[in-house]
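Please read them alongside the coordinates.

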Amino acid sequence: MVDYARRHIVMPKCEFYEFDVNSEHIPSNFQSRFDYIFSFFALMYVKNPEQAFKNIHAMLKPNGRTFNVFLPFLPTDSVYRKLCKHEKWGKYGHEQMLSSYSSAASPENCYQQALDRSGFKYYFSVEKTSYTFSNEEEWKGFFISINTAIPNIPDDELDEYKELLFNLINNELLIDGSVKGSKIYNLDYCVMSASKISS
Ligand SMILES: C[S@@+](CC[C@H](N)C(=O)[O-])C[C@H]1O[C@@H](n2cnc3c(N)ncnc32)[C@H](O)[C@@H]1O
């Protein structure tokens, strides 16, 4: 993706780098470097959000600001947790798709506690929203496109896997919509905005 951006995006003042925001080592040229840092739908995938918040704090200049939108948990967590323990499908890497605090009773509290320890003065809220898939093809296509276990599954077992996956998703995550064949997918999201108070 970074190579693609370097080749195709013409923004003379931009440079593209790959960086694991969970890393325990921040490159020296990233320390106290940025006025603004933002992310969308990424922080629920990092294994250690507290480290990520501390890194964002360390990469901001004094008085720098950060804005992040992420999900407190993934609605698919319950499905992938089942598949992690499944006798046949458990070995295909579903744990990679679980959100950061997938087993916590209150993931949003976990994010707030991580923020409390990060040094930020912050605003945090949880909003509720939903998405309506207009037909079966659309929701099935969506859940296939975000499933990173699929490349690990042998081709001749894929239909059997998809049948179970779609049953679990349909039974656990989706509600019938008002238009025939449509499905509603409920999700919460977190909005976090913070400043690095200069000392
Ligand atoms: C669902 S995509 C969102 C992409 C984009 N922000 C958007 O809104 O369309 C999640 C992104 O989080 C990134 N991501 C996941 N873990 C990360 C980490 N530890 N460090 C940096 N980025 C990470 C992935 O590379 C991916 O681009």
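1. Basis. This is a predicted model, in which local features need pLDDT of at least 70, side-chain atom pairs count only at pLDDT 80 or more, and totals for chains, interfaces and linings use all residues. Residues are numbered from 1 along each chain as its sequence is written.

2. Fold. The chain contains six helices and five strands, taken as DSSP runs (H or I, at least four residues, for helices; E, at least two, for strands) numbered from the N terminus. Their order along the sequence is α-β-α-β-α-α-β-α-α-β-β.

3. Dimensions and packing. The C-alpha trace spans about 55 × 35 × 35 Å along its principal axes. Of the 199 residues, 24% are buried, meaning that 20 or more other C-beta atoms lie within 10 Å of the residue's own, with C-beta atoms placed from the backbone. Among contacts (C-beta atoms, placed from the backbone, within 7 Å) with a separation of 6 or more, 76% join residues 24 or more positions apart.

4. Ligand shell. Asp 20, Val 21, Asn 22, Phe 40, Phe 41, Ala 42, Tyr 45 and Val 46 surround the ligand, each with its backbone-placed C-beta atom within 6 Å of it. By class, six are nonpolar, one is polar and one is charged; here Ala, Val, Leu, Ile, Met, Phe, Trp, Tyr, Cys and Pro count as nonpolar, Asp, Glu, Lys and Arg as charged, and the others, Gly among them, as polar.

5. Tyr 161. This residue sits in helix 6 (residues 158-172). Tyr 161 is partly exposed because it has 19 C-beta neighbours inside 10 Å, the class between buried and exposed (12 or fewer). Leaving aside residues up to four places away in sequence, Tyr 161 touches Trp 89 and Ile 153. Ser 106 is 55 residues from Tyr 161 in sequence and 30 Å from it in space, C-alpha to C-alpha.

How values were computed
Two residues are in contact if their C-beta atoms, placed from the backbone, lie within 7 Å.
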